[in-house]
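I am opening a notebook on this structure and will write down what I look up, one entry at a time.

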Amino acid sequence: MALIVLDCVSKAYSGQTALHDFSLTVEPGQRVAILGPSGCGKTTVLRLLAGFIAPDAGTISIDGQVVAKNGKILQQPEQRHIGMVFQDLALWPHLTVAGNLEFGLKAQGISKSERIQRINGILQLVEMDTYLRTRPAQLSGGQQQRVALARALVLRPKALLMDEPLSNLDEELNQHLRGELLRLHAQLGFTLLYVTHDRAEAVEIGTCVVRMRQGSIERIVSTEELKSR
Amino acid sequence: MRKFKIPIVAVLVAAMIVLPGCSSKRAGVVVYASEDQVFSEPILRDFERDTGIPVKPVFDTEEAKSTGVMNRLLAEKNNPQADVYWANEPIRAEVLKQENVAAAYQSPGAEGIPAHFKDPQGYWTGFSARARVLLVNNSVAEKPKSITAYSDPAFSGKTVIANPLFGTTTTEIAALFILWGDEKAKTFLSDMKRNHVKISTSNGESADFVASGESALSLVDSDDGANRIKQGKPVEIIYPDQGDNESGCFIVPNAVVLIKDGPHPEAAKRLIDYLLSAETERKLAASDAAQIPLHEGVETPAIVRKIENIKTMQADYAAVARKMREIEPLLKQWAGL
Amino acid sequence: MNTRRVTLCAALLVLLILGVAPIALMFARSLSVNGAFSLESYQHLLATGRSWQLLSNSLGLAMITAVICTLVGLPLGLLFAKTDLPLRRVFVLLFTLPLVIPPYIMAVSWSDTLAPHGLASSFFGPATTQKLSGLLFGSPGCVLVLASTFMPAVMLATMTFTRTINPRLEEAARLSARALRVLGGITIPLIWPGVLLAATLVFLLALGEFGVPTFLRYQVFAVESFTQFTASYNFGAATAAAVPLALLTFLLLGIEWFALREKIQPLRPASESDSNYHVSLRSYRVPLFALVSILCAIVVLTPVLSLLLQGGSTQSYLRAFRVVSDSLMRSIFLAAIGATALTALGFFTGYLIHTRGLSIWRAVDAGTVLLFALPGTVIGMGLITLWNRPATNFIYATPLIIVFGYLAQYTALTGRVTVAGLTLVPASMEEAAATVGANWMRRLGLIVLPLVKHALVAGWLIAYIFCLRDTGIAMLVYPPGYDTLPVRIFTLMANGAPSLIAAACMLMIAATVLPLLGVAALVRTQRRRRLWR
């Protein structure tokens, strides 16, 4: 069964179309890169999936459940078990690294012992386990990236959404973190929707690439096909 | 031209602010008044109308709490802005004399005003007075006749007096210290305390306590009493200590002072003469101020007793002014402050 | 010649002459008795139990007021900024009304409300009303009046900071937590330093408040400063009485600098496509609406309605207008001039502080805040001492002295608003203009000023409100025959007809509120025009 289904979804802001008749199916464990120029609606797709906005028309289903339909949000963001890494990372500045990760776990009612276990585990995976008591402002760009990723993954989400997370980093760090992301995916097997405007990034990260233009899907291509060209 | 728009506007605005003040130096008379604006302003407007001399007033704020006008007079001593000071009691006038802010002027309007209501050298002249009276609730069967009722056990817990640190209450207590001597006055204060006197915030509040029956009696100013009677409250005014061998009722006249080196001395003298006239006293007696004319024979409404019908305490206001400063610490302690 | 430096120094000089010099003179006088150096005024201050009692009263009143304002203002601000509570905008307007009304007018109004034949008597009966009236005159009444007056400051600060925090921070939390937890765990901690700043402002305002404790007969230091003359006409003692207030202000400034400044999240301009989410109240909507309505009715509508009714009929209002119209016009004129001058001076001092344009920027910041915290009566006395000379009669004997007083007392307000506005303008804006050859004046006038114009308008409005309602300074220095409306109301309180006083208070409220509504309408019209383009 598909994990994520967007069926004929449309969305407009102040009369301007952001998405028009958008349909996409994502299988569990799949890595989908959404590629397109600025303003084509990529971020809107993620925000619809996260539950921050409602589609004007169409249906969104996650794990077989309809979560939004025709202007109504039927399931709130905190109930969807979706993780997200924002473009500006949105790490909470008043909380430490451990605090950033613990916030969601506490909200979900996870026990203290399990919280500690999960936090230590994921921070080890992203190689940030020595920074538990550090505040985000004291971390480098790459370190903040890893913490943002850990915060999303510690909740063991059904799917991870990433909104151009590496766009502000230099080429070397960008490459390195792409590799890290793929390694984590191999280890944890999460479903990934990765938004980018960089073709090379899309081809490396995704197993399939959804090309978007002006709120619609131009075409969907597998990355093998893209690499072979 | 466009680039000069802002400077031109700025100059015009500055002129609009500065010019009104400049004109005040040229004509008119500047009076600082501690008498309530609602009573003093109509008199000043009448003066303007009758003489054609513009009046620029500065009024005082609520009586019990401030002497803003006195502050200004003292602060402006080296460059006086005022010509005349209209005090609502003579102690402030005395202070101005002692601080060398007042100038001597023997007004023709002062003729007919008893000597002890004037400074002998003419530094201030009293007019339109209030009397310190006992306001008694009608429920009291045997009406007191003296201020010593405060120490009468029959009135234990039933008396009230305004905060002795402000206004006419302070003045009267200082007068008693001079009249009776320190020992007797201190004893009287102690007796009042022992008799559980309540301390209110003002004469007006004292009058309200008596009017509501919460207290049986209080020393208040005669205008406070007159106003409660006009409002139909069940109270009576008693002029205390009127007997042959008794001290008489303490009188608190308004006082007018010519300010030394004021900008308009001639206009100032005309205003002083006007304020000291019998006609002004008649108007103040007829108004809600209900003040007692110090000229004899002035027409007054029934509720305002004529001065010739009151036995008045022969107080030396200069001595009272000095005594007030002396007893201030004692009064603070007595009032629990 | 460095134009920037010269201009900032000129602004500093204006501040020194208008604000610091009068206070320095007063302070010098407080250290002298009969021409010789003496600490007698301070010794007397510290020796008497009364001084400590007054200080305790002042601190207690200010602290309780600030705490209540925070406890009420923060939840209200969150309700109005982040939920779907019905009639939010109306509530914001209503709750803000007391902030624009001079506090002592609210005190007068409460006194009328709880008078034997006042509004409260109709609902609660004479006996209960009398008990409540007894509570009004004293610290409970002062807390009620000051808290209802200043609470909007915390409420508006909450709303402002809430709207301008990065919405991603809340969205990231929403992925795992419900609305209340997001508010408690993320939103409130992020806006807390800003809210605390507003609470500090409330503390300072309550500490230096003069009119309300005077009217409600509660002895505090600000009143003591004014009443020192009653027995002894002692300028030195009056100034000495203001020194504890100054020290407390320095202490607060220290806390603000070291504990709060760095933690305040930089304000982010709110954009339309990027708005913060709203929480749906669902089943809590009705009870919360009822609660807020009741609070509004008690704290805002009751006193205002009471004043309106006490003012009497239309004829009564017309009569009152005839009596006080000259003072009213003068007040509006002076407040407008004062606000304009304050906006100009505040812009330069704010620029100096924000850009650290001079090495003594911290002293400038501290100085303006200190002047704001001092009782207006102390500043007034300083103005008399400095300017009452024959050579400066063209200042002292004219309304210009009142404007000088405004500049001395309120520059902190416009300065701080300017700083907040400049925080939103990236330094690169000015730098970019410099790289294309624009000199400093040109950069300031054509780049910086247009970018902070909204802050300047806000600063003008705030300055207008404070100048219009000023009593302490005006009472001491107004030129003869040039009383302002607040002073006129204060003088009328002595034996003036209650209906006249109430009507004059309502006219004062109208004079304060109408320009604000006018500006709001203008802003809305301009926004609509921009959208149509």
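Predicted model: local features only at pLDDT ≥ 70, side-chain atom pairs only at ≥ 80, totals over all residues.

Entry on a helix between chains. I then asked how many of the residues of α8(C) are buried. The helix covers residues 167-174 and is mostly covered, with 7 of its 8 residues buried. The buried ones, as I list them, are C:P167, C:L169, C:E170, C:E171, C:A172, C:A173 and C:R174.

Entry on the contact between chains C and A. I next looked up how the two chains meet, and I noted that 18 residues of chain C are in contact with 18 residues of chain A. On the side of chain C that touches chain A, the elements that give two or more residues are α8 and α9 of chain C.

Entry on chain A as a whole. I turned to chain A and looked up its secondary structure, which comes to 7 helices and 11 strands. Its radius of gyration is 17 Å, close to the 17 Å that the globule rule gives for 229 residues, so I can call chain A as compact as a globular protein of that length. Along the principal axes, its C-alpha trace spans about 45 × 40 × 35 Å. I also wrote down that buried residues make up 41% of the 229 residues in chain A, and that, of its contacts with a separation of 6 or more, 67% are between residues 24 or more positions apart.

Entry on the antiparallel sheet of chain A. I followed the strands and found an open sheet of 5 strands in the order β2-β1-β4-β5-β6 of chain A, with antiparallel pairing. Which strands stand at its edges? They are β2 (16-26) and β6 (72-73) of chain A, and each has a single partner strand, so one side of each is left without a neighbour in the sheet. For one pair I looked at the detail: strand β1 of chain A, residues 4-13, is joined to β2(A) by 7 bridges, and the two run antiparallel. Within that pairing, A:V5 has A:T25 in β2(A) as its bridge partner.

Entry on the mixed sheet of chain A. I found another open sheet, with 6 strands in the order β7-β8-β9-β3-β10-β11 of chain A, and here the pairing is mixed. β7 and β11 (216-222) of chain A are at the edges with a single partner strand each, so one side of each has no neighbour in the sheet. I noted that neighbouring strands of this sheet are turned by 20° against each other on average, with direction ignored. Strand β8 (residues 159-163) and strand β9 (residues 191-196) of chain A run parallel and are joined by 5 bridges, and A:L161 has A:L193 in β9(A) as its bridge partner. I also saw that helix α1 of chain A, residues 42-50, packs on the sheet, where it touches β3 (31-35), β7, β8, β9 and β10 (208-213) of chain A, and its direction makes about 145° with that of β8(A).

Entry on chain C as a whole. I looked up chain C in the same way and counted 25 helices and 2 strands. A compact globule with 533 residues would have a radius of gyration near 24 Å, and chain C agrees with this at 24 Å. Its C-alpha atoms fill a box of roughly 70 × 70 × 45 Å along the principal axes. Buried residues make up 51% of its 533 residues, and 82% of its contacts between residues at least 6 apart in sequence join residues at least 24 apart.

Entry on two crossing helices of chain C. I checked helix α1 (residues 3-30) and helix α19 (residues 400-423) of chain C, whose axes come within 9 Å and cross at roughly 80°. That makes α1(C) roughly perpendicular to α19(C). At this crossing I noted that C:L15, C:L18, C:G19 and C:P22 in α1(C) meet C:F404, C:L407, C:A408 and C:T411 in α19(C).

Entry on the nonpolar core. Last, I looked up the largest nonpolar core, which has 335 residues, and I noted those with the most contacts inside it, among them B:V31, C:V154 and C:A504. The element that gives the most to this core is α9(C), with 17 residues. For C:A504 I left aside its neighbours within four places in sequence and listed its contacts as C:A320, C:V324, C:L485, C:R488, C:I489 and C:L492.

Terms used: Residues numbered from 1 in each chain as written. Chains lettered and ligands numbered in written order. Helix = DSSP H or I, 4+ residues; strand = E, 2+ residues; numbered from the N terminus. Rg over C-alpha atoms; globule rule 2.2 N^0.38 Å. Buried ≥ 20, exposed ≤ 12 C-beta atoms within 10 Å, placed from the backbone. Contact = placed C-beta atoms within 7 Å. Core = buried A, V, L, I, M, F, W, Y, C linked by C-beta atoms within 7 Å. Pairing = 2+ DSSP bridges. Axes fitted to C-alpha atoms, helices over the stretch in contact; angles between N-to-C directions. Parallel < 35°, antiparallel > 145°, perpendicular 65-115°, else oblique.
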